[in-house]
Amino acid sequence: MDLKLYNTLSRSKETFVPIKKNKASIYSCGPTVYNYAHIGNLRTYVFMDVLRRILQYCGYEVTSVMNITDVGHLLSDRDTGDDKMVKAAKEQNKTPEEIAQYYTSIFFKDIERLNILCPQFTPKATEHIAEMIEVVKALLDKGFAYETADGIYFDISKFPNYGKLSRANLEEQLAGARVNVNTGKRHPADFALWKKAEPNHIMQWQSPWGMGYPGWHIECTAMSNKYLGDVFDIHTGGIDHVPIHHENEIAQAESWLGKKAVNYWMHSEFMLVNGGKMSKHLKNTYTVDDLIEKGYSPMEFRYLCLNVQYRQKLNFTWESMESAKMAYQRLATHLYEHKQSAAKTDKKVLDGFLKEFDEAISDDLNVPMAMGVLWKMIKLPASKDVYETALVMDKVFALDFDKVQAAPQATQDAPQEIIDLANLRKQARKDKNWAESDRLRDEIASKGYRIKDTADGFELEKS
Ligand code: AMP
Ligand code: ZN
C-alpha cells in the first residue's frame with residue numbers, strides 16, 4: 001500500500017519511502033512540563049499516535065521518540081524571558097524537578113487515557129545535557145556558532161537555507177522584533193544553543209563555557225540523533241513549531257552533520273476554542289479532567305479529534321463535544337449489535353470496505369474519510385463479521401471497539417421514571433449544580449435505586 005504523507009518541507013503529498021525497508025522512525029516534539037497539557041496540545045499527540053498506528057497498520061516496524069522538555073524553553077520561542085520551568089517553580093514554590101515530575105506523570109496518564117501509544121523512548125532534556133554540549137562544541141568548532149557574553153549562538157548567516165521550512169521572509173518576520181543588545185547577537189534570528197547562567201539561576205550545569213543551561217532547540221537535535229541516528233524518517237510537531245523551533249533544528253542539525261537529518265516534516269494544525277486561539281495565557285484551555293468532569297469520556301474526545309483531518313483547524317465547542325459523544329455512543333451501540341449477531345457477511349463486501357478504508361488512511365492520514373467508511377459499513381445487516389472488520393479498523397482509530405458492551409441489565413430494566421430522574425441528575429452535574437444533583441440522588445434512592453456515575457453518564461442498580 002502506497003502511503004502518501006504531506007511534507008511541510010516540499011508543501012506536497014509525497015509517497016513515504018523509508019530509510020530502512022519496512023522500518024519507520026519518528027521523532028515528535030514533546031510537552032514542556034511546566035503545566036497541564038491542554039486538549040489542544042493533546043490533539044497534536046493524537047495526530048502523532050495516528051501516524052504511528054497507520055505506519056504499523058501498513059506493516060512498518062516503528063521506532064518512536066518523544067522528548068520531555070524540562071529545561072531551556074523560554075517564555076518566548078525566540079529565547080527571551082524566563083525559563084518556563086523556572087517560572088512555574090518560583091510561582092508554585094517548588095523545585096523545577098518537582099514541577100517536571102508532577103506534570104510529566106499527569107501527561108503520561110492523559111496520553112494513556114486517550115489511547116495514545118507511549119513512544120518507546122521519552123528522553124528528558126535534563127538527562128541529556130552532555131549530548132547537547134557535544135553538539136554545541138561541534139558547531140563552534142565548525143564555525144557555525146559564536147560565543148557572546150551571554151551564551152553560545154547559532155549564526156544563521158552560515159546556513160544559506162535558513163527559512164526553507166517556513167519559506168518565511170526573515171526580514172519581514174523579524175520587522176519590529178527587538179534585538180536584545182545584552183546578548184550580543186549578530187542577527188536577531190541567531191538563536192541560543194547555550195545560555196550562561198547568572199549565579200542565582202536555579203537550573204545550571206558545568207560546560208566548557210562556564211555554568212549554564214541549554215537552549216530549547218538543541219535538545220531535539222541531540223536527542224533525536226542519540227535515539228534515531230544521523231538521518232531519520234519523520235519529524236512531527238504542532239504547526240507553531242514551523243517558523244522557529246523546527247527551522248532552528250534544521251539549521252543546527254544540517255550544519256553539524258553536513259547532510260539532511262530528517263526526510264519528512266509533518267505538522268498538525270491548531271485546536272481553536274469558539275473560533276479563537278486556545279492558549280494558557282487566555283485561560284480558555286481545558287484538560288482531559290475538565291472534560292471528564294463535564295461528563296465526556298477520553299474516547300469521546302479522541303473520536304472528536306479523529307473526525308477532523310490533522311491539517312485542518314479543529315474548532316472546539318461544547319456543542320461539538322456533545323455531538324461527538326452522541327455519535328460515539330451510537331457507533332458503540334451499532335457495533336454491539338454486530339458483535340452479538342451470529343450472522344455472516346460476504347467476505348468480498350467487507351474486503352471492499354477495507355480497501356476503501358486503506359485508501360483513506362493512506363491519503364495523508366485521512367481518518368475522517370476512513371471513519372465515513374466505517375459508518376457506511378455498520379449500516380450492513382447485523383453480523384459478527386462486520387464487528388471483526390471494525391476491530392481491524394480500530395487498529396488505527398484506537399477507540400476501544402473491543403470494549404463495546406450493552407448498558408448493564410439493571411439500567412436497561414429500570415422504570416422510565418427513574419431513568420428520567422437519572423438524566424436530570426446528569427444534567428445537574430454537568431451544570432455543576434451539586435445541590436440539585438444530591439437531591440436527585442436522594443430521590444432516586446427513595447424510589448429503590450442506587451445511581452453510580454460513570455465516564456459516560458450513569459448506571460442504575462436496585463438497592
Ligand atoms: P508545549 O508543551 O507548549 O511545548 O506544546 C506541546 C505541543 O502542543 C506542541 O507540539 C505545540 O505545537 C502543540 N500545541 C500548542 N497549542 C496547541 C493548540 N492550540 N492546538 C494544537 N496543538 C497545540
Ligand atoms: Zn522539538
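**Close-up views of a predicted model**

Isoleucine 152 has tryptophan 194 as its bridge partner in E9. This is a predicted model, in which local features need pLDDT of at least 70 and side-chain atom pairs count only at pLDDT 80 or more, whereas totals for chains, interfaces and linings use all residues. Residues are numbered from 1 along each chain as its sequence is written, chains are lettered from A and ligands numbered from 1 in the order in which they are written, and side-chain values use heavy atoms, with hydrogens and water left out.

**View 1. Strand E9 and its pairing partners E8 and E10.** Helices (H or I, at least four residues) and strands (E, at least two) are DSSP runs, numbered from the N terminus. Two strands pair if DSSP finds at least two bridges between them. Strand E8 (residues 151-154) pairs with E9 in the antiparallel sense over four bridges. E9 also pairs with strand E10 (residues 212-214), again in the antiparallel sense, over three bridges. Tryptophan 194 has proline 214 as its bridge partner in E10.

View 2. Cysteine 29 lies in the loop between strand E3 (23-28) and helix H1 (39-57), and cysteine 220 in helix H6 (residues 216-228), so the pair ties together parts that are 191 residues apart in sequence. Cysteine 29 and cysteine 220 are both buried.

**View 3. Surroundings of leucine 55 in the largest nonpolar core.** A nonpolar core is a set of buried Ala, Val, Leu, Ile, Met, Phe, Trp, Tyr and Cys residues joined through side-chain atoms within 4.5 Å. Among the 72 residues of the largest core, Leu55, Leu374 and Phe397 touch the most other members. H1 supplies the largest share of this core, 10 residues. Not counting residues up to four places away in sequence, leucine 55 touches Leu3, Phe16, Ala24, Ile26, Tyr60, Val62 and Ile234, where contact means heavy atoms within 4.5 Å. A second, separate core of 55 residues includes Met132, Tyr162, Phe191 and Met223.

Terms used:
Buried means under 20% relative accessible area, exposed over 50%, partly exposed in between (1.4 Å probe, protein chains only).
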